[in-house]
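This report describes a single protein chain for a reader who has not seen it before. The sequence and structure come next, followed by notes on selected features.

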Amino acid sequence: MRINCRYVNSQGAIVDFLGEKSRVTAGNLHGRTWKPAVTAGTIGETVNYWKKEAYSITLTVTFRGSRTERLREIDRAQDCFEYDILHNAPGTLYYGDWFCRCFITSAEYSAGDLPTWIDEKINVYVPAATWWHIQTYRIVKQVDSGISTAYPTIYPFTYEIDKKEAVFENEHFTDTDCRMIIYGPANNVNITISGTVYKVDHQILEREYLVIDTRDKLLPEEHCYLVRSDGSKVNCYNDRKTDIMQKLPSGSISVNYSRDYTVELQLLHGRSEPRWYQ
């Protein structure tokens with residue numbers, strides 16, 4: 001199966017790294033380094049914890065085509081890369097179903113093997129040192145007492161209407177961060193996932209949705225906020241009634257709530273490198 005590889009800048013402009021006119025011809029997206037934080041002993045060291053630093057990837061992108069085609073595509077790619085640098089807004093590098101936030105920080109050019117080629121060696125800076133994959137489950141609102149509720153295509157199980165518990169599988173090998181999206185209308189949010197209660201007392205109107213995000217290194221207003229119908233955001237962090245920063249466990253997970261509103265769970269699987277097999 002052909003793996004898609006592309007860079008999408010912060011404004012949505014795309015540079016195809018496996019296209020007919022632009023293609024990565026050298027470099028590797030895989031590789032990782034963990035460093036120990038240690039305390040020296042009389043003999044040897046004690047590892048206190050492990051840390052992972054930001055890293056860079058070197059790729060060679062070959063631009064093909066007529067002289068006009070090559071130069072135009074190189075200029076367009078450079079505009080995409082430099083926009084993100086100037087606005088300090090990372091782009092997204094995709095490899096199959098996995099992605100990382102990154103910046104293209106430098107470029108060097110040379111003639112390709114053929115007169116219709118130009119090689120550009122770029123440096124990809126990955127500040128968070130993490131690749132992500134999103135596993136999505138959606139439990140739709142209970143709309144009629146005589147109709148059972150099913151996952152739409154993503155999860156092949158149907159639950160009877162009198163059951164308020166849904167069970168699904170977290171396919172990651174360890175505890176997982178999660179983005180929870182609750183679609184209105186709803187008077188408040190009270191969801192129990194494998195024994196952990198996520199409760200936020202804030203009304204969600206029709207065409208609005210509430211987002212709960214458990215990831216570290218976010219601002220408080222990014223952990224819990226309401227998106228109104230006009231796209232504006234309301235900080236709901238102080239409306240939380242429980243610790244909503246709890247990750248989801250690996251393996252079988254149960255979701256229990258009233259089913260009066262639709263909930264989408266986006267499980268964020270993080271790895272030091274994208275999976276080889278996809």
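## Charges over rings

The charged end of Lys233 sits over the ring of Tyr225, at 4.8 Å from the ring centre. A charge sits over a ring if NZ of Lys or CZ of Arg is within 6 Å of the ring centre and within 35 degrees of the ring normal. The ring of Trp98 has the charged end of Arg271 over it, 6.0 Å from its centre.

## Basis of the model

The model is predicted: local features need pLDDT of at least 70, side-chain atom pairs count only at pLDDT 80 or more, and totals for chains, interfaces and linings use all residues. Residues are numbered from 1 along each chain as its sequence is written, and side-chain values use heavy atoms, with hydrogens and water left out.

## Chain overview

The chain contains 2 helices and 21 strands; these are DSSP runs numbered from the N terminus, helices being H or I with at least four residues and strands E with at least two. Its C-alpha trace spans about 70 × 60 × 35 Å along the principal axes.

Of the 278 residues in the chain, 39% are buried (buried is under 20% relative accessible area, exposed over 50%, partly exposed in between, with a 1.4 Å probe and protein chains only). Among contacts (heavy atoms within 4.5 Å) between residues at least 6 apart in sequence, 64% join residues at least 24 apart.

## Aromatic pairs

There are 5 aromatic pairs in the structure. Rings of Phe, Tyr and Trp (its six-membered ring) pair if their centres lie within 6.5 Å; planes under 30 degrees apart are stacked, over 60 edge-to-face, and the rest tilted. One of the pairs is Tyr94 with Phe99, tilted, at 5.9 Å centre to centre and 45 degrees between the planes. Tyr94 is partly exposed at 22% relative accessibility, whereas Phe99 is buried at 11%.

Tyr183 and Tyr209 also form a tilted pair, because their ring centres are 5.8 Å apart and their planes are at 45 degrees. Tyr183 belongs to strand β14 (residues 177-183) and Tyr209 to strand β17 (residues 209-213), so this pair ties together parts 26 residues apart in sequence. Tyr183 is partly exposed at 24%, and Tyr209 is partly exposed at 29%.

## Surface

A nonpolar surface patch is formed by Trp34, Val38, Val47 and Trp50, which together have about 400 Å² of accessible area. Val38 lies in strand β4 (residues 35-40) and is partly exposed at 34% relative accessibility.

Technical notes
Patches are made of residues with over 30% relative accessible area and no salt bridge: like charges are joined within 9 Å, nonpolar side chains (Val, Leu, Ile, Met, Phe, Trp, Tyr) within 5 Å. Accessible areas come from the Shrake-Rupley method with a 1.4 Å probe; for residues, only the protein chains shown count as cover. A salt bridge is a side-chain nitrogen of Lys or Arg within 4 Å of a carboxyl oxygen of Asp or Glu.
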